[in-house]
Every structure is written in C-alpha cells, then in structure tokens.
Amino acid sequence: MIKRFLNRIPAGMMVIPLLLGSVLATLCPQVLEIGGLTTALFSSAGTNTLLGVLLFSMGTTLQVRDMPKVLKRGGVLLLSKFAIGAALGILVGKIFGDAGFLGLSALAIVSAVTNSNGSIFLTLVDTYGDEADCGCFPILALNDGPFFTLLALGASGIAEIPFMSLVAAIVPIALGMLIGNIDKGMKELFEPMGNGIIPLIGFALGTGINLVDVVKGGLPGILLGLITVFIGGGFIVLCDKLISRRPGYAGWAVATTAGNAVAVPAAVALADPALKAVAATATVQVAASVVVTSLLVPFITSWWAKKFGCPKFPKEGQTFKG
C-alpha cells in the first residue's frame, strides 16, 4: 500500500521521505540526535554512507563501454551549469552592483546556481536514466563547493580544486564498476540495491533541511530557488538536448542547489573580504534555494522524463545512444 502510494507521486520514493525528514528536522530535531544506529541511519549524518553504498551498487551496473558516454554527458551538465550561473551572477553584478537584483547579490546567485545537489541528481537519474547517467556523479562533484563560485567571481587564483574529495567520490563507483565488469553475478547481486536505498537517502537528506530557512531567506531566497530551477535548469536542458542529444531529464535533475552551497558565501568572503558585507544575506538566501530546489526539481524531472521520454519510460520508437 505504501509503495503503491509513493509510486503515484512524481519521484515519490525520494520526495515523500525527504519531506518527512525535513518536517521532523524542523519540528523535533532532538529525535534524530539520540545517537547510536538511529542517528547513524536516519539523520543527515548517514547521507554519505548511504550515498557511498548507492554509488557502489550503481557502479556494478556501469560497463567499460559506457565511459565515453559518461564523460560527454557529465561534462556537458557540469560546464553548462557553471556557464549559466556565472553569466547570471556577473550580469547582475555589472548592471546592479552591490544592491543586486531584487535583493539578490551576484554572490548569492553564483553560489546557488553553480552548485548542484549530487545526491538528488543521482537518485533521479537512477529512477529515470541509465547507468551512464549515474556514472556522471563524480564529474558533477566538481561543482560541489566554492571553486566555481570563486572562478566566476574572478578569484580562482585563491581556490584549489579539492582533489582528494573528487577521488573519494570516484572510488566507490570505480570499485563497483570493476567488480561488475569482472563478475556478472556480482552485478546482478548489487544492481537491485539502488532502488531500495533511495527512500533512505531521501529521508536523510530531508533531515538536513530546516524549513525555517525558507522563511529566513524571504521572497528573495524563494526567487533564487526559482531562478536556479527554471532559468538555470532551462539552459542546462537546452545544452543537454543540443550537445548531448538527450531528452533533457538529466538537465532538470542537476538544476538544484547543493546543501554544501550554504557555506559557499562565507568561504568566498574569506577569500575576498570585499564581499563580507553581502555574505550573511547571501547565506540565508542560498539556504532557501536549497529547500525550494530540493522540492521542485524531483517533480519537474519526473514530469519531463515521462512526457519526453527517458531510458526507464521510453516513448514508442525512442532509443538512447548518446
């Protein structure tokens, strides 16, 4: 009965647990702080472990012959997300200066639009995409942090790509890929695990979202989330369709703001003290964007994938080779 209900809601396997987790984290956060296995599994502290298991499971399904597809698709998604975020932020900075556009500074816009939530992307492409889509996750890990924000704001000389963080993201999927290519039986063993882990990841992600952040961010924060989804996402989908020759569902799946992006304005302000004055306001606005995009993107991705086709729900005569 529960599974049937979740299946009727767009991306319900992730969205409903995410909502439950965020409501619990907002109203009764102490419930998740009792320690032990409960905190380890059902709080945001468990997200990385669950994500690591999911990456490993997805890695066993990724064949060596799929790697050119992974690099092409992931590269297009990464660069198009950076390009639109940088363009919007620089445009606002040049035209409106420190006052920003409707209360949104260039710092807030670049921080929100250039950083994507890898966990949400991975769960969505696992639901609607194929193994090559899932393999794009380590590539997209590059935008999870302040590097691209600093680069877009002209301060790239101060930042360094967190190389070991990237390596750490690649290891589970690479190990899974190695085992899955060596032994078909191991591939068949781990392949079903991905779907079972998705609701747990959704709940754990939700426990890291405080709904009060939406209120604190106010209307500019909500607007920032809408810009990230519809302007940023629309551009990424266009690139996904024109360059990668894909239906575009992966473009919507990456149109989120990462939870880690909340810390980006402060990190940028440390590198460039001139931005310290706007960093505090940008932080709460980015936090609001995290919540807004986390709720909107799964529904939009689901609708788009079913309307225009995807590997899991192909239209008649539709093939997916790119």
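The following dialogue explains how to read several features of this predicted model.

Reader: Which elements, helices or strands, are there in the chain, and how many?

Author: The chain contains 17 helices and 0 strands.

Reader: What share of the residues in the chain is buried?

Author: Of the 322 residues, 52% are buried. As for the surface, the chain exposes about 14,400 Å², and carbon and sulfur atoms supply 70% of that area.

Reader: What part of the contacts with a separation of 6 or more joins residues 24 or more positions apart?

Author: Such residues account for 81% of those contacts.

Reader: How is a pair of aromatic rings described?

Author: Two quantities are used, namely the distance of the centres and the angle of the planes. In this structure the count comes to 5 aromatic pairs. One of them joins Phe 56 and Phe 190, with 4.9 Å centre to centre and 85° between the planes. This pair is edge-to-face, as an angle over 60 degrees is classed in that way.

Reader: Which parts of the chain does the pair of Phe 56 and Phe 190 tie together?

Author: Phe 56 belongs to helix α4 (residues 47-61) and Phe 190 to helix α12 (residues 184-190), so the pair ties together parts that lie 134 residues apart in sequence. Both Phe 56 and Phe 190 are buried.

Reader: Why is the pair of Trp 304 and Phe 308 called tilted?

Author: The ring centres of Trp 304 and Phe 308 are 4.3 Å apart and their planes stand at 40°, so the pair is tilted. An angle counts as stacked under 30 degrees and as edge-to-face over 60, and the rest are tilted.

Reader: Where do Trp 304 and Phe 308 lie, and how many residues apart are they?

Author: Both lie in helix α17 (residues 276-308); because they are 4 residues apart there, about one helical turn separates them. Trp 304 has a relative accessible area of 14% and is therefore buried, the limit being under 20%. Phe 308, at 34% relative accessibility, counts as partly exposed.

Reader: Which residues do ring pairs link into a cluster?

Author: The cluster consists of Trp 252, Trp 303, Trp 304 and Phe 308.

Reader: Which residues make the nonpolar surface patch of about 500 Å²?

Author: Leu 91, Ile 95, Phe 96, Phe 101 and Leu 102 make this patch. Among them, Ile 95 is found in helix α5 (residues 67-96). Ile 95 has a relative accessible area of 56% and is therefore exposed.

Methods: Residues are numbered from 1 along each chain as its sequence is written. This is a predicted model: local features need pLDDT of at least 70, side-chain atom pairs count only at pLDDT 80 or more; totals for chains, interfaces and linings use all residues. Side-chain values use heavy atoms; hydrogens and water are left out. Helices (H or I, at least four residues) and strands (E, at least two) are DSSP runs, numbered from the N terminus. Buried means under 20% relative accessible area, exposed over 50%, partly exposed in between (1.4 Å probe, protein chains only). Contact means heavy atoms within 4.5 Å. Accessible areas come from the Shrake-Rupley method with a 1.4 Å probe; for residues, only the protein chains shown count as cover. Rings of Phe, Tyr and Trp (its six-membered ring) pair if their centres lie within 6.5 Å; planes under 30 degrees apart count as stacked, over 60 as edge-to-face and the rest as tilted. Patches are made of residues with over 30% relative accessible area and no salt bridge: like charges are joined within 9 Å, nonpolar side chains (Val, Leu, Ile, Met, Phe, Trp, Tyr) within 5 Å. A salt bridge is a side-chain nitrogen of Lys or Arg within 4 Å of a carboxyl oxygen of Asp or Glu.
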